[in-house]
Amino acid sequence: MYINSKIRLLLIASLLLSLDGWSQDNSIKIADKLFSEGKYADAILKYKESSSTYQTQNQYINYAFVNLKIATSTIRLGRINEGLELSQNTLNYIESNNINDSRLLGKTYNVIGDGYLNLGRNDQALEYLLKSLEQYQLTGDTNTPDMAKCYNDLGIVYWNNGNNNLALQYHENALNIRSKLDEKNQSTEKADSYNNIGLIYSDYDFTKATDNFNKALNIYKKVLGQNHPKVSLCLNNLALVSDRQENYIQAQQYLNEVLNIWNNIFDGDHPNKAFTYLSIGRVNYHEKEYDLAIYNLEKALKSYLNLYGNKHPEVANTYNQLGAVLLAQGNFEEAIDSYQKAIYANLYDQESTDIYSNPELKNYYNADILLYSLQQKAKTLESLHYNKTLKMRELKYSLLTLELADQLVSRIRKIRLSEKDKLSLSEKASEIYEAGVQMCFEMSEMSINSKYYLEKAFDFAERSKSSTLLSAIQDTNAKQFSGIPSELLEKETNLKNDIAFYERKLAENSGDNQENMLRTKLLTLNGEYNNFIQELEKNYPKYYNLKFNENQISLTNLQKALDIQTAFVTHFITEERVYYFYCTRNKFKIYNTPKMEKFNNYVSGLRNAIKYDSREHFITAATDLYTQLFPGKISKDIKNLIIVPEGNLATIPFEVLLQKESEDNSFNNLPYLIKKYNISYDNSATLYAQRKKEIEAYQGETEDILLVAPINFNQEYYANTSSSLNDLPGSENEINEIKLLFKSKEHSTTVLSGGDATEINLKDQQLHKYKYLHFATHGMVDESKPELSRIFLRPTYNDKEDGSLYSGEIYNIDIHADLVCLSACQTGLGKISKGEGIIGLSRSLLYAGAENLIVSLWTVSDNSTSQLMIDFYNNHLYSNTYNTFSSALRKAKLKLISDEQFSKPYYWAPFILIGE
Amino acid sequence: MFEKTKWFIAILLLTFTSGTINAQGCSDAGFCTMGALKPDQGYSKRLSVQIRSIELSQYIGLTHFKDVIFNYTADVNIGIGDKTTIQVKVPYVYVEGVLKNTNGIGDLSLGLAQNLVSNERYQINLTLGTKLPIGNSNLALDGKPLPMYYQTGLGTYDVIAGISLISKGWMVATGYQQSLNRNDNDFWWSDWEGHPMEATVRAYKQSRSLNRGKDIMFRVERNFRFSNFNFNIGLLPIYRLTKDTNISRGGIESKIDGSDGLALTLLVGGGYQFSVKSGIKIMNGFRLVKRHFNPDGLSREFVSNIGYVYKF
């Protein structure tokens, strides 16, 4: 009986406990349901009930999890600081109770990161989210909803700081996990990923953005109904895309729908509601309904100020938009005031004193928004000058603000992780440099101290040239000179090789299943690489200093670097103007001329006229372009021109430009620029001066040449290319002749020809020991996917060495050659990137360490190329007067010009020299 | 950095203080300040365009005879489209002289300026205009008509045509002015016989029914433009192609020897823009060469003009 009673008691107790557990589970389920329906306040009440129960029962882990849910719901309600405090308390609770649960810790860090994300503190958010990722990885299960959420939030953080490429990778991986977990296509988290991917595309690919938003919207509506906050957010995003596509009616319709939903859900202020008012204001602005725009923007602003106070990136965003409206209305002072407020709303701990004051660049929430505010402030100050005051003061402060924006660009460049995002930054920054060049030039004309402003114009123009390439080269040099052990450098090379490999594979797009695997792999590798670099920066401070040391050349130093016979010529081209910078040792001048109508047509027309052998069009284009591009006189003493071509000018050889009209229009008698000058090219004055120093100090290990020529290009070898590659029999003669020339000079030669010209054989060579690398082969440039640009060698039928030396691979090979000659088709072309120039093979070779480079601008003729190359090396090796690369190449070209058979520019002009 | 505003002010002061010695005057019958022929015209492709303007100016002229002429002018310009501007100019004139102080409204000028060419480097503008004699050209002392120096109007209907080329740094202009009638001035020495001022009066050329000769002008001006101020220096030769004529009491028309030929003025000036809408302009003229006789009264040893321009 006694026993029975005990058993009975135990049974009752156990029943009570299980009933309690059941009721607890049920309570959580109800709360989760309320949460998923967006009823966060009700959800909090239910979670709190569970929280008390767990606390009573000392279920620490469950207690912590429920509290995190309360924190998340609070954040969703817009009470972010409160939510953040709750999650911090949970973390303290976990730590004080020594709970060692990676999943719980991961979740906690994630919620804190989420809170900081909502507060606009991207830096803090990133720190916690990376901790969260680390904890989740410790659980060993990476295909969980929590991991996907962490990827998702990291994607948002990286998107916020402009690392769009990396952000996309995180979101795609989150989507991948969520898709795997969602068999019924009913996962709202999956829809979240579509939504976030859409947001990244909304900056540049509206079709993809809309497609992703619609995918998200369908799921949200199906699962959550028509009036859920997520439906509303998604509609708001669709409105943004419609607005960018100038479909304002559609945008307004979306936004009205959104506003109705918000009004049903939220009483009073809420960030989502404020964002919708901001969006409406933006559409009003684009529709030129300025009063209405101000009305809606002020509503948004009031709401944001109530929610966040006057320090938050969204507050800054709203002030920026208000500034734009006020500027459009011609209220210049008010617009400046608004931009000024935007600037200081973006800084945690600085306050504006007056509209002219500029802040210190520290402690900002969002660098991109700050950059925009600074740019617009500068622009508005300039407008105030020209439209109202005419006082120099406005221009001076405008210039100071632009310079500050430029400094900010340098800082942002440090946190941009991928090449793509760095290039995109260069494009954005080019607007600052354009404004800077224009303003400095105009200030030089209205100031007695014009030289000061002209030098500043030069500085701005120089900053617009190849900053990304410069920083990449600087990074390589920094690693070389900062005592980093060779095994670490090797590790880095391997990581970069792997990244390049997977990027290429992804670009080749091999189907869905593999694509997901490639994306995951790439994300992991990028994460590893970023961590690796962070460690290097932390452990080798010298590396950090060298890497980020500002080293742009000044005008004075450029002039010192030039010899008396050399002129450095660069252009800066805007929508309407062409600025021509002419710099010699003793003279510096800027010419500002109107851009001729259809300027770009002239550039492409020149190429086409050469390609299709149209003498008349060639002469017109070459003469008119010379007039446009050389508005000033070149001094008599000048014999060498170093040209930094801007934008699409990099696709034409300046050698063919005609200095005057000629009575004799036969091709060999035309007054080509090459007839008067040795011409070479460079990416910027800074890179020119750097390389010049290196060339002067060049001490190669040998005087050797490596000659590479596959000669035959059987289509079977190159199954993965659509190009039909014809054989190059002339290349065999070319390398044999060059070999003889070198042998006669008693230089050692290594030849990889025919079947020996394999990618693996090339990589097995110790390339850094050669002074000359000569490739007589085909090249291919992929303008849309520069990573697929390549030099064709022979394949060896293994996965990695497929006979194509891709530009991504070239970046990672170690070259120390004085000259790399790509005697192949179109190797000098590539994707034209604003502010960076051509992104193609030449860029990767320069990065890999080539001091000088000969590349071609169009498909070349086998025979004329062969002759040109042989003559070039002959001049270089045997002539006393034409032994520099530029003079040797010029002499070889002049010889072809004088040869009736090859006098057309098509034959002699494609090869250009970069460097020297 | 050198303070440019101070430099500018220094230059302006220099022009005021150094010029009065050996200064010479302008012989403008009106065309030098008409439309495209005006000195110190604005030139900027960047500035906000204001198509209407009103300029109020005060002019002080010192003559060879110690007369002082004050001229207050309202000059209104109204743009019609991008290329055409109509100008209406009305002066009010005060003369302080040894014979008498006079004052009254001056002659009305109407002009039409048309932009012919406007490109990156320069613009070419054409002006056609007229002067209408709404001022009095026969004011008298004790019933005796005064010389033209004392008259507030020239008394003639004139036609004016001119063309100018303006670049950022330079302006060249040429114009032609011709009167279409004799004026109604009746100044004749014999009327002053026995008058205490007879000796003084005889210093002035007789201008009864004066027919002013035909003028051509050429202006060359170098302008130095900064953000909101500018200064300029120029030469203004005016050549009278034909001699002035008068008609004696006996009805005989006589050509006045020495009334034709070159009058050359050196002009130095500057301006300060308070904003895009308003600014002041200062212009000083120094006589370099003058005609022997100026029966029309258009001879100044020194002129100084200050004006306020409001654009809207």
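About 1000 Å³ of space lies in the largest cavity, where a cavity is a set of points on a 1 Å grid over the protein atoms alone at which a 1.4 Å probe fits but cannot get out, and where a volume is the space filled by probe spheres set on the points, grid points being joined across faces, edges and corners. The structure is a predicted model, in which local features need pLDDT of at least 70 and side-chain atom pairs count only at pLDDT 80 or more, while totals for chains, interfaces and linings use all residues. Residues are numbered from 1 along each chain as its sequence is written, chains are lettered from A and ligands numbered from 1 in the order in which they are written, and side-chain values use heavy atoms, with hydrogens and water left out.

In total, the structure holds five cavities of 30 Å³ or more. The lining of the largest cavity, lining residues being those with an atom within 4 Å of a point, comprises 44 residues, of which B:D28, B:T33, B:Y59, B:N71 and B:K89 lie nearest the centre of the cavity. At least two lining residues each are supplied by strand 1 (52-62), strand 2 (68-80), strand 3 (84-96), strand 16 (278-289) and strand 17 (302-311) of chain B; helices (H or I, at least four residues) and strands (E, at least two) are DSSP runs, numbered from the N terminus. Strand 16 of chain B gives the largest share of this lining, with five residues. By class, the lining of the largest cavity has 18 nonpolar, 14 polar and 12 charged residues, where Ala, Val, Leu, Ile, Met, Phe, Trp, Tyr, Cys and Pro count as nonpolar, Asp, Glu, Lys and Arg as charged, and the others, Gly among them, as polar.

The second largest cavity has a volume of about 70 Å³, and its lining residues include A:L728, A:E734, A:C825 and A:D862. Helix 29 (729-744) and helix 33 (862-878) of chain A each supply at least two residues of this lining, which divides into four nonpolar, five polar and two charged residues.

Two helix pairs of chain A were examined for packing. Helix 17 (residues 367-389) and helix 18 (residues 392-415) of chain A pack at an angle of about 165°, with their axes 8 Å apart, the axes being lines fitted to C-alpha atoms over the stretch in contact and the angles running from 0 to 180 degrees between N-to-C directions. Helix 17 of chain A is therefore roughly antiparallel to helix 18 of chain A, since angles over 145 degrees count as roughly antiparallel, those under 35 as roughly parallel, 65 to 115 as roughly perpendicular and the rest as oblique. The residues of this contact comprise 17 nonpolar, four polar and four charged. The axes of helix 18 and helix 20 (residues 450-463) of chain A come within 12 Å and cross at roughly 30°, so that helix 18 of chain A is roughly parallel to helix 20 of chain A.

Positive phi values occur at two residues described here, neither of them a glycine: about 50° at A:N98 and about 65° at A:I711.

Key:
1 Å grid on protein atoms, 1.4 Å probe; cavity = no way out; pocket = protein on both sides within 12 Å on 5 of 7 lines; lining within 4 Å.
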